[in-house]
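Reader: I would like to go through this model by question and answer. Please define the terms as they come up.

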Amino acid sequence: MRYDSITEAIGNTPLVRIDPAVHGLTHIDLYAKLELLNPFGSVKDRAAWNMARPHLADAAELGSQVVELSSGNTAKALAVLAGMHGLTFKSVTNRMRVPEIKDLLLLLGAEIEELPGQSECLDPTATDDPLTLFHRTISGQGNAYLHTDQYFNPRNTEAHLTGTGPEIVKDLDGRAPEWFIACVGTAGSSTGVAHVLRENDPAVRVVGLVAAKSDFIPGIRTIDEAHEVGLFDPGTYDTIEAVSTDEAIEGMLTLNRRCGILAGPTGGAAYFGAVRHLRAVDGELTQRQSAVFIVCDRVESYLSYVRQRRPDLFGRPRRPNSPADLTDAEIRTAPSVGVADAQAWIATGRPLVVDLRSPFAYAALHIDGSVNIVDEVFEELLRGGLPFSRSRPVLLACPVGEKSARYAALLTRMGHPDVRSLAGGIIAWRDAGAPLVRD
Amino acid sequence: MGGHPLYLKPRLGPRLGSLLESPGVLNTLTDALGSPLHVVIPDQIAANLEQFRSVYGRHHLSGQVFFAHKGSRSSALLRRLAATDAGVDVASLGELQHALGAGFTPDRILATGPKNPEFLWLAARTSVTVSVDSRDELEQLSALIRKCSLPRADVLLRLSGFDVPGVRVLSRRSRFGTPAAELVPLLEAAERHSDAVDLVGMAYHLDTTSLAEKATALEGCLRALEECRSRGLRPCAVDIGGGFGISYLADGEQWERYTTELTAAVLGARPPLTWGGHGYGLRNEGGTLRGSLGLYPAHRPVAGARYLDQLLSHPAASLGGRPLGALLVEHLYDLHTEPGRALLDQCGLTLAKVLEVREQEPGGELLVRLAAKADDVGLEEHGVLMDPVLIPRPDRRTADQPVAVHLFGSLCLETDLITRRTVFLPRRPEPGDLLAFVNTAAYCMDFHATRAQQQPVARKVAAWQEGGSWRWCLDDQYWPTTSVGGAQ
């Protein structure tokens, strides 16, 4: 397939049947609409392109900045589209909680602004919430912004009215599925697709999925947050159900490990919510039905999100020479030396003085003649064995003498004959009036 | 009553819980001293301090915990704290006098906020550390010290408007502090006035619940301190202000259910949950929810000392990703904090007597009038939604049957509502019953109280447990000797 522009590769994503052995439904064919295969990685490519396209030429002429309230995929797509058209892009958000996405946006050249948190000393008469202020800035005179306004822009929904929805019908041989299950973010994809499917068959049942209120699933709103979305109309959905983070990750793992679909947590939530809802009706069916859910984006951007919630999935084998393996007794009895003795030892025994603090702190003030090896790097070094000759005495220093004691114990265990920890650390050194220098 | 009762049960620690289970004491107190009445619990503030100290210990940090006096005018709480190793942050001449009189020595006092000449003079005269708000204030303080031949003053410089590379974290504009971008001229002024002032550290205080904003400011302070060191100055402390917060409610689910129902009420999907359909900042524009909820997050999974712990564990993105607490220790800096609300958590309650219970329409919400003005119970003013605890007279215990009520104050004024929220109580209150508004010690007792319509301001008593029962005295009669078997 040959294209003149990457934007032509947006849309026309595959509809893939999930193996019944995985979902266990006997009367329902469950299909995944693989929006993760869009060129910038998500369903939002469609809306971003459709919203921005009519204005890009004017914006390029005026030198406008593209701006959107987005914490993820819309920002990603808009950053790419803006860059392709010689424009800059700014994402304003208070929801950007996934570090990889933040880093990726910065990599793509986006500017990110995070909205301030709630006031601790609340002023109930202050009606200027951060969003109101954002809109005031955007519409201020003399500001040349191309604001795509994904939560209110009908062209968001339109992208799915003309794209996603008809594609599903076409791939099901001109028939709408009996069921459509979608997560509610901007509500653009669910509203657009639901409209097309119902035009085809008014009996289509639409299940909207929202995040449980105290939870955070990227790309899904809680029920309260959904009400803040201009495109959201509760009437679109036959039912609205909540999905938890654990369920979203469980669904994601099933798609990742058993279906070969590298979906992110939003797709996982859609799969989980679909199977949970359909299982309840499956037993009473006598005829075959079909159901479609949307896989919004890919898993790779959410590794830290998953690691935080399911550290068990990242269990790695224990590594050798780790300070975590030490017993309390080993740490307690680690060789150490007080400030006065350390000063004398430095003068006579010429130990290598290793400062385990960060480079920033080391640069500010340190013991004259010491070398700086940050504890994290030191830990890595030790995995490969002793980094010093056994004939060279070593004095380890950290802020309060706690980390240095651990490493002194570890080096002793690894066979170093003369390693000592500076008792009380650099703080004790300073408090004793011993000299600290800047180079 | 309009559906299930939407309770917002307060979180009760052991001391407040025990006091509420002593209705005899509470009735005696209000019978003798009138309604409304504030009760403070001095021993609680010492316990809260320990929580902060243990976070310092966990991060190996030294430095002072300065209680932000402005949260409460209580003498008992201040004197109890003077008997610990805490410091106090004073923001007015009166607060400084109060702190000195309560037993705080000048080395444990920090003068902050907007200052008039008298406040500056007394601070410098007594060698209290001054947190300097602006370059002008630094000039003013230095001139005063020279003119009056006062001792050289220790100063912290308060900064604001921090930026770090990468993601730009927006912050509400502050009227306090010197913009971080103007650090160099500020330091030049400090050097010029080094005969009068000694720069001991940097400070910030941000009015926000956002951890990311505070982390940005702390990183900014570390950079500013590095600039000081490169100029040969020797600052040794960072003061990160307060704003650690309180979690007021016992049950996060109740809070979530309530806010969801409030949203539905604003959108017209259920009957109103407030007097006159008030939306607490939310509004309905063509079926879409607009505005923002102008309420304190009454249930906070992380607040107080644990919030500080989390801030100190937060990685400093622009400084190699080390946790902020580790960076402070590594740089050998003392950490100063100024918790106000968080130190006052669970330190008191406000009692109000029910005067009248009226049924305006049959089966409708009850209108309950209290012997208190709205400004005597500042919870609503601070956006804290939390149920009062009903304490029936012992002889008049009605059966449990939830009711919805509106709570009115005693002023002849339509807007004198204790709260605009429809409050659900587990049973119908009767005249003579008490309503206990708990956890009001922080900002909600005396911050806004007036003498409107010649009505009295609430009295305040201090209470403590001794030999299994509650003892009390008037707030200004309390001294740390009182509660250890002294005279009552």
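Author: Helices (H or I, at least four residues) and strands (E, at least two) are DSSP runs, numbered from the N terminus. This is a predicted model, in which local features need pLDDT of at least 70, side-chain atom pairs count only at pLDDT 80 or more, and totals for chains, interfaces and linings use all residues. Residues are numbered from 1 along each chain as its sequence is written, and chains are lettered from A and ligands numbered from 1 in the order in which they are written.

Reader: In which loop of chain B is B:L332 found?

Author: Most residues other than glycine have a negative phi, and most peptide bonds are trans. B:L332 has a positive phi, near 65 degrees. B:L332 is found in the loop between α12 (324–330) and β13 (334–336) of chain B.

Reader: Is B:L332 buried or exposed?

Author: A residue is buried if 20 or more other C-beta atoms lie within 10 Å of its own, exposed if 12 or fewer, and partly exposed in between, with C-beta atoms placed from the backbone. B:L332 has 20 other C-beta atoms within 10 Å, and therefore B:L332 is buried.

Reader: As what does B:H60 count, and why?

Author: B:H60 is not a glycine, yet its phi is positive at about 60 degrees. Its place is in the loop between α3 (42–58) and β2 (66–68) of chain B. Because B:H60 has 18 C-beta neighbours inside 10 Å, B:H60 counts as partly exposed.

Reader: Which peptide bond is cis?

Author: The proline B:P36 sits in the loop between α2 (23–33) and β1 (37–40) of chain B. With omega near 0 degrees, the cis bond is the one from B:S35 to B:P36.

Reader: What is the radius of gyration of chain B?

Author: Chain B has 12 helices and 21 strands. The radius of gyration is taken over C-alpha atoms, and the globule rule is 2.2 Å times the number of residues to the power 0.38. That rule gives 23 Å for 488 residues, and chain B is close to it, so chain B is as compact as a globular protein of that length, with a radius of gyration of 24 Å.

Reader: What share of chain B counts as buried?

Author: Along the principal axes, the C-alpha atoms of chain B fill a box of roughly 75 × 65 × 40 Å. Of its 488 residues, the share that counts as buried is 52%.

Reader: What radius of gyration does chain A have?

Author: Chain A contains 18 helices and 15 strands, and its C-alpha trace spans about 90 × 60 × 55 Å along its principal axes. A compact globule of 439 residues would have a radius near 22 Å, but chain A has 29 Å.

Reader: How far apart do the C-alpha centres of domain 1 and domain 3 of chain A lie?

Author: Domain bounds come from an automatic or database domain assignment. Chain A is divided into domain 1 (6–41 + 154–314), domain 2 (44–147) and domain 3 (323–431). The C-alpha centres of domain 1 and domain 3 of chain A lie apart by 54 Å.

Reader: How many residues of strand β7 of chain A are buried?

Author: On one side of β7(A), A:W179, A:I181 and A:C183 are buried, and on the other A:F180 and A:A182 are buried. Strand β7 (residues 179–183) is largely enclosed by the rest of the structure, because its buried residues number five of the five.

Reader: In β8(A), which residue is the bridge partner of A:I181?

Author: Two strands pair if DSSP finds at least two bridges between them. β7(A) and strand β8 (residues 205–211) of chain A pair in the parallel sense over five bridges. In β8(A), the partner of A:I181 is A:V207.

Reader: Through which helix does the chain cross from β7(A) to β8(A)?

Author: A crossover is right-handed if, with the strands pointing away from the viewer, the path from the first strand over the helix to the second runs clockwise. This β-α-β crossover is right-handed, and its helix is α8 (residues 188–200) of chain A.

Reader: In β10(A), which residue is the bridge partner of A:F180?

Author: β7(A) also pairs in the parallel sense with strand β10 (residues 289–295) of chain A, over three bridges. The partner of A:F180 in β10(A) is A:V292.

Reader: Which element gives the largest share of the side of chain A that touches chain B?

Author: Two residues are in contact if their C-beta atoms, placed from the backbone, lie within 7 Å. The contact takes 37 residues from chain A and 43 residues from chain B. The largest share of the chain A side is four residues, from α15(A).
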